[in-house]
Structures are given as C-alpha cells and as structure tokens.
Amino acid sequence: MSDTPASTRFNAPGHPPATITEFKGVRFLHLGTSWVQGAMRLAKPDNIELEYVQMMMMWMLFLDHPKHIVQLGLGSAALTKFSYQRFPAARVTVAELNPNVIDVCHAHFGLPPNDARLDVRQMDAMDFVLDAANHGTVDVLQVDLYDEEARGPVLDSPEFYQACMDCLSDDGIMTTNVFGDFSNYDKNLQNMELVFDAVVWLPEVHDANIVVLAFKRAPSIDFSVLYERAGTIKKSMNLPAKNWVAGLKGWMQDQQQ
C-alpha cells in the first residue's frame, strides 16, 4: 500500500491529520493512523466501495423519496456523494467536526462544493442533533462517527440517540455503524432501544462492523414486499439489497428463538 506524498496531507492543527493511501485501484482515507475511515475505487468514484457503507443505505427498503438526508461523520464522502447524486429531490446535510476530512474529500474523494441541495458543515454532530431547528426535519439520518483510534462510536449516550430521534420526521429512519471494542455493541444497542420504537441490525461484515436500523415509528414488515423493493434497488442503484433483506429475515428469526 503506497502512501501519498506528504504534500497531500491535510494537517490543520487541533484535529487529526487526514491522509490517504492507495492499493490495487482503491484510495483509502485515514486519520493519521492505519485505521481505514473510508474508501473509493478510482475507476468507479461514485460507487460505494465498502460493504458496511453500502449497508448504511438499507433505509431505501422502507423509504422511497426522502426530502432531507443527513450524514453525521463525513468519512470519505461515499454516502454523501451517493445520496446527493441518486436522490436529486433531496437535500443532503453533513456534520463533520474535522476540517481536514472535509478538505481531503474535496481534493481527493470527489466531494462536490456546497450548493442549494448540499450543505457540508464543519461542526460537532452533537450540536447538530441538539439544535431544535433540526428536530422533525430529517427523513434519513446516517451516523458513522469515529475518531482516529476507531475503538467505538464517538457519541453513543442515550442523550445522543434521543437527540437523533428528535431530528427524525414521523417516519424517519436512522442507520448507524457500530464498530470497535466488543462492549460497545450492547451499550449502543441498548441505548438506541431506550428511545427508538424499533431497532434491528444485520450480521457483522468485514472488520466487525454492524449496521443498525433504528425507526422512529416501527414499520410493518412484509418480506415479499421487501424482496421486491430489493430487486428494484439492485437494478437502479447496483446495491446488494437482497442480502440486506435476508439479513433482516435472519435477525427476526433469531429474535423469535
């Protein structure tokens, strides 16, 4: 894996530096450590490269036409770009604390500049979800908040998840990635279950990432409908949505045992 020249490091003081490596046609984002914070295949820069990041789009099984999609934690901008390009009727808002991440995504990961639909803000995610002006305005909330050590979500308290739910519209959905030390899984899931009407998760994928779906209002689940939607998502978005439905079905069967 080859590091990019030092001149391409993004090193604004007060925050971890954003660095990139490239390996077999894939560009990786790091925060000054070996942990991968995001990826982009150079030949397909608008696709979502990592499996767990693809799974963060599972909300598409339940929502067709979101008006406002919010990302907490920019990563390599894969979710932001995908949402912005594939949902042209939606506003896309991002809260990212580290200015180095924003700068490297503009320079090396194809993040477009802000416009009438895209609003990437350098700010703390907790401040965003606590802001009453954002409450009830978000149809999809995608949460992937990790620091340079990647030992667990940076924000994971009941107060944080309550504020996340407060931001959602009536049928809003949160997807979040839970990763890190084993104790983080139960802690995060229990804190989500305290405030959301329904919380489900899929089996872990590479590097022990677990993607969680949290609903403000529990949906009625008809697997024949979900498989039909999954086929449409595969055809229109080229995402492995049938695997998501199979994972949800397996989760429900496990819960009933």
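1. What is the order of the strands in the open sheet of 7 strands? Going across, we get E7-E6-E5-E8-E9-E11-E10, and the pairing is mixed. Bear in mind while reading that this is a predicted model.

2. On the edges: strand E7 (118-122) and strand E10 (198-201) each have a single partner strand, so one side of each has no neighbour in the sheet. From one strand to the next, the twist averages 15°.

3. Look next at the E7 end. Strand E6 (residues 91-96) pairs with E7 in the parallel sense, with 5 bridges between them.

4. Helix H3 (residues 99-108) lies across E6 and E7, and its direction makes an angle of about 140° with E7. Helix H5 (residues 158-167) lies across strand E5 (68-72), strand E8 (138-143) and strand E9 (168-178); for H5 the angle of about 140° is taken to E9.

5. There is also a hairpin to inspect, made by E2 and E3. Strand E2 (residues 19-23) and strand E3 (residues 26-30) run antiparallel and are joined by 5 bridges. Phe 23 sits opposite Val 26 in E3. The hairpin has 2 residues between the strands, and Lys 24 takes a positive phi near 50°.

6. By class, the lining of the largest cavity splits into 8 nonpolar, 6 polar and 2 charged residues.

7. Last, an open site: the second largest pocket, with a volume of about 180 Å³. Its lining draws on Met 60, Leu 63, Asp 64, His 65 and Phe 87, together with Arg 229, Thr 232, Ile 233, Ser 236 and Met 237. What classes do the lining residues of this pocket fall into? For the second largest pocket I'd note 5 nonpolar, 3 polar and 2 charged.

Conventions:
Residues are numbered from 1 along each chain as its sequence is written. This is a predicted model: local features need pLDDT of at least 70, side-chain atom pairs count only at pLDDT 80 or more; totals for chains, interfaces and linings use all residues. Side-chain values use heavy atoms; hydrogens and water are left out. On a 1 Å grid over the protein atoms alone, a cavity is a set of points where a 1.4 Å probe fits but cannot get out, and a pocket is an open set with protein on both sides within 12 Å along at least five of seven lines; lining residues have an atom within 4 Å of a point. Grid points are joined across faces, edges and corners, and a volume is the space filled by probe spheres set on the points. Ala, Val, Leu, Ile, Met, Phe, Trp, Tyr, Cys and Pro count as nonpolar, Asp, Glu, Lys and Arg as charged, and the others, Gly among them, as polar. Two strands pair if DSSP finds at least two bridges between them. Helices (H or I, at least four residues) and strands (E, at least two) are DSSP runs, numbered from the N terminus. Axes are lines fitted to C-alpha atoms, for helices over the stretch in contact, and angles run from 0 to 180 degrees between N-to-C directions. Contact means heavy atoms within 4.5 Å.
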